[in-house]
Amino acid sequence: MSQRGRLITFEGIEGAGKSSQIAPLADWLRARGLTVITTREPGGSPIAERIRALLLDRANTGMDGTAELLLVFAARAEHLAQVITPALTAGTWVLCDRFTDATYAYQGGGRGIDPSRIAVLEDLVQGALRPDLTLVFDLPPALGLARARGRSEPDRFEAERLSFFDTARAVYLSRAAADPGRYRVLDTTRPFGEVSAAVTRSVAALDERCA
Ligand code: Z5A
């Protein structure tokens, strides 16, 4: 039976530079003989992508916070069942653009939902599954928003106030500080190539095939 794959999650506030590091890391891992898929949340499977559209649609401004939380976890349950769990079981490495840390940061920090409620849903939907490694791409929110807003019309989250992202960032940093074994915080005010090198250094420690 093949060895279980690894789940690596990419986190950070809007425009932190996480999405653009996923493809280079996937190439780097494949060059070392590993089977890799890249995916994202909310989304990553057909039903979860439909939930993503609901969550990001600015026409849904004012959505109830608990409804938003449940939609995020409904999408995650579907993504886990259809994509992540089968891949990990088959020995595939899964690189996921956002996962449950985003729920603690955005629905917990940003929307003010008690983290203990999020933890209940995390246990229900994920059981014991937690990422093997979480990379937190960190930069001041004003810089992240300036990078992201250069691209397209803001979605329902991107349209939030700066203080929303300040709170989300603080949650990410405090979760990382509380569990240094699982998290690496990367300074993405640094040039892209330096951040990529920090990503591969962090991942290399996970498996001897990456050394
Ligand atoms: N959400 C939630 O509320 N709860 C949850 O549980 C989950 C998600 C899972 C998904 O949006 C939204 O869902 C998210 C939270 C919510 N909303 N927000 N905010 P998304 O996935 O569409 O958006 P995003 O995750 O924020 O992605 P993003 O805007 O693409 O940001 P990014 O991935 O961190 O950045 P990037 O695309 O890699 O880079 C942004 C720009 O900066 C781009 O032009 C790059 O070329 C540039 N860049 C990248 N790195 C650098 C460096 N080092 N120097 C200079 N420029 C750089």
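Trainee: Which is E14, buried or exposed?
Mentor: E14 counts as buried, because its relative accessibility is 11%. Buried means under 20% relative accessible area, exposed means over 50%, and partly exposed is in between, using a 1.4 Å probe and protein chains only. Keep in mind that this is a predicted model: local features need pLDDT of at least 70, side-chain atom pairs count only at pLDDT 80 or more, and totals for chains, interfaces and linings use all residues. Residues are numbered from 1 along each chain as its sequence is written, and side-chain values use heavy atoms, with hydrogens and water left out.

Trainee: Where is E14 found?
Mentor: In the loop between strand 1 (7-12) and helix 1 (19-30). Helices (H or I, at least four residues) and strands (E, at least two) are DSSP runs, numbered from the N terminus.

Trainee: And what is E14 in contact with?
Mentor: Leaving aside neighbours within four places in sequence, E14 is in contact with R98, Y106, G144, L145, A148, R151, E158 and F165. Contact means heavy atoms within 4.5 Å.

Trainee: Y106 is on that list. How many aromatic pairs are there in the whole structure?
Mentor: A search finds five. One of them is Y106 with F157, an edge-to-face pair with 6.0 Å centre to centre and 90° between the planes. Y106 is in helix 4 (residues 100-110) and F157 is in the loop between helix 6 (141-149) and helix 7 (162-178), so the pair links distant parts of the chain, 51 residues apart. Both Y106 and F157 are buried.

Trainee: What makes rings a pair?
Mentor: Rings of Phe, Tyr and Trp (its six-membered ring) pair if their centres lie within 6.5 Å; planes under 30 degrees apart count as stacked, over 60 as edge-to-face, and the rest as tilted.

Trainee: Which residues form a cluster with Y106?
Mentor: Y106, F157, F164 and F165 form one aromatic cluster. F164 and F165 are both buried.

Trainee: What sits over the ring of F157?
Mentor: The charged end of R156, 5.0 Å from the ring centre. R175 likewise lies over the face of Y104, at 3.7 Å from the ring centre. The rule is that NZ of Lys or CZ of Arg is within 6 Å of the ring centre and within 35 degrees of the ring normal.

Trainee: New topic: which residues touch the most other members of the largest nonpolar core?
Mentor: L29, L95, Y106 and V203, out of 48 residues in that core. Helix 7 gives the most to this core, with six residues. A nonpolar core is a set of buried Ala, Val, Leu, Ile, Met, Phe, Trp, Tyr and Cys residues joined through side-chain atoms within 4.5 Å.

Trainee: What about A87, where is that found?
Mentor: A87 is in helix 3 (residues 65-89). A87 counts as buried because its relative accessibility is 9%. Not counting residues up to four places away in sequence, A87 touches I37, T92 and V94. The C-alpha atoms of A87 and G5 are separated by 7.2 Å, although these residues are 82 apart along the chain.

Trainee: Zooming out, how many helices and strands does the protein chain have?
Mentor: Eight helices and five strands. Along the sequence they follow the pattern β-α-β-α-α-β-α-α-β-α-α-β-α. Along its principal axes, the C-alpha trace spans about 45 × 35 × 30 Å.
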